[in-house]
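I opened my notebook to look through this structure piece by piece. Come along as I write down what I looked up.

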Amino acid sequence: MQKLAIEYLQKTKDRFPEKTALIDEGQGITFSELWKSSLALAYWINTEFQITNQPISVNLLKSIDAVIALLGIQLSGNIYVPLNIETPGKEKVLAVLGSDLVLEHVAGEFRLGGKVFANIHDADMENSVLEKLSARKPDDPLYIIFTSGTTGTPKGVTISNASVIDYIDWAIKTYSVTEAEIIGSQAPLFFDNSVLDLYLTFARGCTLHLLSRDVLRFPAEFGTYISTHRINFIFFVPSLLGNLVALKIFKDYDLSCLKKILFAGEAMPLNTLKLLKSGFPSALLSNLYGPTETTVDAIYWIFGEDIEKLEEVPLGNPCANHRVLFLDEQEKQVTVEDEIAEICIAGPGVALGYWKDAETTRTAFIASPESEKQDEVIYKTGDLGYRSSKDGLIYMTGRKDNQFKHYGYRIEAGEIENALNQFEFILQSCVLYDCEKKRIQAFYTADKLASPPPFRNLLSGILPQYMIPHSFHRLEKFPVTPNGKIDREALRKTTMRPNNATR
Amino acid sequence: MQPAEIKSQLQDFFEQEFPNPERALEHDTNLLDEWFVDSFGIVNTTLFLEEKFGIEVSRADINAKNFRSIETLSQYVQLKRSD
């Protein structure tokens, strides 16, 4: 019985020692080299720091070294926390973690807590590392991934080894993953879609290509890369697939090697799905759904030949070992089909909670309302949806709050509004998302302001780039609801008329 | 269409599609590093070029060289229109 996620790599490195595990910018590393480098890092961490079950942040761009960092930290019996290296706000994350241990890679060397990595030569290294690790249990945390919080305090979603093992074993079966898979990885390490790419590779001995920004940005580079390297498996956010089909990429390049196309992170538009099907008629197309709090995915659907007939894109059915419950405002279970209620998830993928934040954890992770399962914790996603009486599948209709997804990034409108409200000239602000055009729009009322301030510059030190609004609109006053709050729906109606499209 | 007109139409497009109120968009502003917010912008720009200037943008031409600035895009449009 597998206890820890690292055991995937431990077995695979014996099965395929000389096979290439990862490729980044033309550089490769084999499974045996990957194991050795990770062991050396773990041994050094154990020797220098003597810590167990502590979060260690990883502040590296996605690279072979970053993957070694994630592996080395888990091998040392600690918890890895991938950070977004390009964005501000890391101090907030470290404050929540209560640890300023940040692993970096500067001038060709790993650095942690002011110390520089040194390869310690010790014949007993592997035994020493594995012996310390043997005390670790399946329910111990493997990683923490941070998500946006309404108040501006990020939430550290804490995921156990057991959750990842359950998810990966399910994915291997569901998508018949073997060592023949050549995976093209899009998701950054701080976005949990990358968990699938990485752990399928470790578990099955696939080869994982870390796709560069330019490969993802320029269709020609993408087409050339995919066909040259015979990539056959991708797990992308729908927006990127939308770009590829909008430019009819499959007409100019032979992408017939792509056999498994998975997507998650935001809603897949029906039109994009149909174009994808016509471009890749023989590929497996699968939609997945799951907040970070449920270990990457909890609901999935594999499309059949009937895509042309679809009127809406379903989320599908729960992954094995998982259940989906619908709860109303009073947290009572809704069992009537077609009735819209909050999507809640039960199963081994449900996170351990938010790191060191018992209060927020209690509001989102609650006891199951099912009569015989009250000791089971379920996660309230905040997403609204229903189970259809037509096909029995689960569909999503929207959000309970003002969260939205932009290129797979989960963003709370409130976090951007809070950042805007810090400026003294702002009286009130409201952020809306235009799904059609993929634009974040900020509206504000201001005091004593002659000309628009340099919002982007002001915000760039406070918010990550993907959260910075595309446009800023000054209003005389906001529409308000009877109880005096900003009427977001009225604002949406007056500002996003379909006829004000720019094209 | 004169180069100046192409550039001015491109400028209007970028200022409208990707508003960036605090800085002036110059013809040599680096669009990829300083103006495009995401890869979606590249798709929108491609569709705009095809529609507005009646050219067909080959997928291989969507690259960092052509999409660097209004200047380079305008040169590309002129080249395609003279084909």
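Predicted model: local features only at pLDDT ≥ 70, side-chain atom pairs only at ≥ 80, totals over all residues.

I began with helix 1 (residues 7-15) and helix 7 (residues 193-204) of chain A, whose axes come within 6 Å and cross at roughly 45°. That angle makes helix 1 of chain A oblique to helix 7 of chain A. My notes on terms: helices (H or I, at least four residues) and strands (E, at least two) are DSSP runs, numbered from the N terminus. Axes are lines fitted to C-alpha atoms, for helices over the stretch in contact, and angles run from 0 to 180 degrees between N-to-C directions. Under 35 degrees counts as roughly parallel, over 145 as roughly antiparallel, 65 to 115 as roughly perpendicular, and the rest as oblique.

Residues are numbered from 1 along each chain as its sequence is written, and chains are lettered from A and ligands numbered from 1 in the order in which they are written.

Which residues meet here? I found Y8(A), L9(A) and T12(A) of helix 1 against Y199(A), F202(A) and A203(A) of helix 7; contact requires C-beta atoms, placed from the backbone, within 7 Å. By class, this contact has five nonpolar, one polar and no charged residues. Ala, Val, Leu, Ile, Met, Phe, Trp, Tyr, Cys and Pro count as nonpolar, Asp, Glu, Lys and Arg as charged, and the others, Gly among them, as polar.

**Between the chains**

Next I looked up the contact of the two chains, which takes 25 residues from chain A and 19 residues from chain B. On the chain B side, helix 1 (3-17) and helix 3 (39-53) each give two or more residues. Helix 3 of chain B gives the most, with five residues.

**A sheet in chain A**

Then I turned to an open sheet of three strands in chain A, with order 25-26-27 and mixed pairing. Strand 25 (426-434) and strand 27 (471-474) stand at the edges with a single partner strand each, so one side of each lacks a neighbour in the sheet. Strand 25 and strand 26 (residues 439-446) of chain A pair in the antiparallel sense over eight bridges; pairing needs at least two bridges found by DSSP. I noted that Y433(A) has I440(A), in strand 26, as its bridge partner. Helix 14 (residues 413-421) of chain A packs on the sheet, touching strand 25 and strand 26, and its direction makes about 150° with that of strand 25.
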